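Here are my notes for your first look at this one. Have the viewer open and click along as you read.

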Amino acid sequence: MTAARPVGASSEGVRKSMRANKGRDTKPELALRRAVHALGLRYRVSIRPLPKIRRTADLVFTKAKVAVFLDGCFWHGCPEHHTKAVTNAGYWAEKVTRNRERDAQTDRLLAEADWVVIRVWEHDDPGKAAVRVAEEVRARRP
């Protein structure tokens, strides 16, 4: 069953809130980038690991073939922190399901191209996540 896509925001407050959502350079993303940079790693920001596939990773280590995605708890259905929308609940539930399916497809496509995908939740400790990223990148460097 497909939930009807709302024509517009359910209220002016919702419209303002949705427009304020940033596609990149969020606080959790900046904290992760700072932590990874502090470990001496350099990376590309918000690029497609595979140019033919319309998926953008938050941090990309091209030579090591490591793509890092920082997933928001609401948008990607975090098992610990995801909250269900009150307004247009069916639409948002379906949206999160589609996001999760696309995430799984992205992981599969990148793995088939010999990339390693690291997924970090927005609530994860940036220092610990950075160490995980650094270990993977250093293990895969030529």
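This is a predicted model: local features need pLDDT of at least 70, side-chain atom pairs count only at pLDDT 80 or more; totals for chains, interfaces and linings use all residues.

1. Which residues does His-76 touch, not counting residues up to four places away in sequence? They are Asp-71, Val-96, Asn-99, Arg-100, Asp-103 and Trp-121, where touching, or contact, means heavy atoms within 4.5 Å.

2. Residues are numbered from 1 along each chain as its sequence is written, and side-chain values use heavy atoms, with hydrogens and water left out.

3. Now the overall layout. The protein chain has 5 helices and 4 strands, in the order α-α-β-β-β-α-α-β-α along the sequence. Both are DSSP runs numbered from the N terminus: helices are H or I with at least four residues, strands are E with at least two. Of the contacts with a separation of 6 or more, 59% are between residues 24 or more positions apart.

4. Of the 142 residues, 32% count as buried. Buried means under 20% relative accessible area, exposed over 50%, and partly exposed in between (1.4 Å probe, protein chains only). His-76, in helix H3 (residues 73-76), is buried because its relative accessible area is 16%.

5. Which residues of H4 are buried? Tyr-91, Trp-92, Glu-94, Val-96, Asn-99, Asp-103, Thr-106 and Leu-110. As background, an α-helix has 3.6 residues a turn, so residues three or four places apart point the same way. After H4 comes Asp-114, with a positive phi near 70 degrees.

6. Next, the aromatic rings. The whole structure holds 5 aromatic pairs. Trp-75 and Trp-92 count as edge-to-face because their ring centres are 5.6 Å apart and their planes are at 70 degrees. This pair links distant parts of the chain, with Trp-75 in helix H3 and Trp-92 in helix H4, 17 residues apart. For the cut-offs, rings of Phe, Tyr and Trp (its six-membered ring) pair if their centres lie within 6.5 Å; planes under 30 degrees apart are stacked, over 60 edge-to-face and the rest tilted. Trp-75 is partly exposed at 28% relative accessibility, whereas Trp-92 is buried at 16%. Ring pairs join Phe-74, Trp-75, Tyr-91 and Trp-92 into a cluster.

7. Look at Pro-49 too, in the loop between strand E1 (44-47) and strand E2 (57-61). Why does Pro-49 count as buried? Because its relative accessible area is 11%. Beyond four places in sequence, Pro-49 touches Arg-55, Ala-57, Val-60, Ala-67, Leu-110 and Trp-115. Pro-49 and Val-60 are 11 residues apart in sequence, with their C-alpha atoms 6.7 Å apart.

8. Two backbone spots to check. Most residues other than glycine have a negative phi. Ser-46, in strand E1, has a positive phi near 50 degrees. Lys-65, in the loop between E2 and strand E3 (66-71), also has a positive phi, near 60 degrees.

9. Last stop: Ala-129, in helix H5 (residues 126-140). Ala-129 is buried at 6% relative accessibility. Leaving aside neighbours within four places in sequence, Ala-129 is in contact with Leu-32 and Val-120.
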